[in-house]
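Reader: I would like to go through how some labels on this model were assigned. Please set each value against its cut-off.

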Amino acid sequence: MSRALMVVASLIATMAFQVAVSPPGGVWQDDGTSQSNTVATGSTSNPSHKAGFSILADNDASSYGVFLAFNTTVTAMALTYLFVLFGLSDLDAAYNDGMIVLFVWFGLVGILVLLHIILLIVKIVKYVRKSQ
């Protein structure tokens, strides 16, 4: 059963990674202005673009932010699940190695969560100061 769960978690992590590499709408292929895109979508918010950046991020930044948050969450959850299953798969033979992997992974995830909380607090403080 745990091997099947590892396969499913691996597939979910792979799909989330692929979606991050090739986001919905694609990426800009060249630098410059997007007159054709402005005419096609009716968006005039940011007509200039850079190669390699997401088209969705230029056309609808709020939707891209939501997409990015959910994709990052799914990737982190799938990788955490994989590491937990890997760490607990063979406790007798590799108990110490599995526990080290789990501690390192949860430490890294904890640091990332802490950094995001700090960034959120900074944004809230800036917003409050700006609104006053």
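Predicted model: local features only at pLDDT ≥ 70, side-chain atom pairs only at ≥ 80, totals over all residues.

Reader: Where is S54 found?

Author: S54 is in the loop between β2 (48-49) and α3 (55-59).

Reader: What makes the approach of the side chain of S54 to the backbone nitrogen of A57 a polar contact?

Author: A polar atom of the S54 side chain lies 3.4 Å from the backbone nitrogen of A57. The cut-off for such a pair is within 3.5 Å, and 3.4 Å meets that distance limit.

Reader: Which residues is S54 in contact with, leaving aside neighbours within four places in sequence?

Author: They are P23, G26, V27, W28 and Y64.

Reader: How many aromatic pairs are there?

Author: The count comes to one aromatic pair. The ring centres of Y64 and F67 are 5.8 Å apart, and the limit is within 6.5 Å, so these rings pair.

Reader: Why is the pair of Y64 and F67 called tilted?

Author: Their planes are at 40 degrees. Stacked needs under 30 degrees and edge-to-face over 60, so the pair is tilted.

Reader: What separates Y64 and F67 along the helix?

Author: Y64 and F67 are three residues apart in helix α4 (residues 61-89), which means about one helical turn. Y64 and F67 are both buried.

Reader: Which residues does UniProt list for "transmembrane region"?

Author: The unreviewed UniProt entry lists residues 64-88 and 100-122. In the model, residues 100-122 are 100% helix and 0% strand, with the end C-alpha atoms 33 Å apart.

Methods. Residues numbered from 1 in each chain as written. Heavy atoms only, no water. Phe/Tyr/Trp six-rings, centres within 6.5 Å; stacked < 30°, edge-to-face > 60°. Helix = DSSP H or I, 4+ residues; strand = E, 2+ residues; numbered from the N terminus. Buried < 20%, exposed > 50% of the residue type's maximum accessible area, 1.4 Å probe, protein only. UniProt positions renumbered as here; feature names shortened; annotations may be inferred. Polar contact = N/O pair within 3.5 Å; in protein donor to acceptor, adjacent residues only side chain to side chain. Contact = heavy atoms within 4.5 Å.
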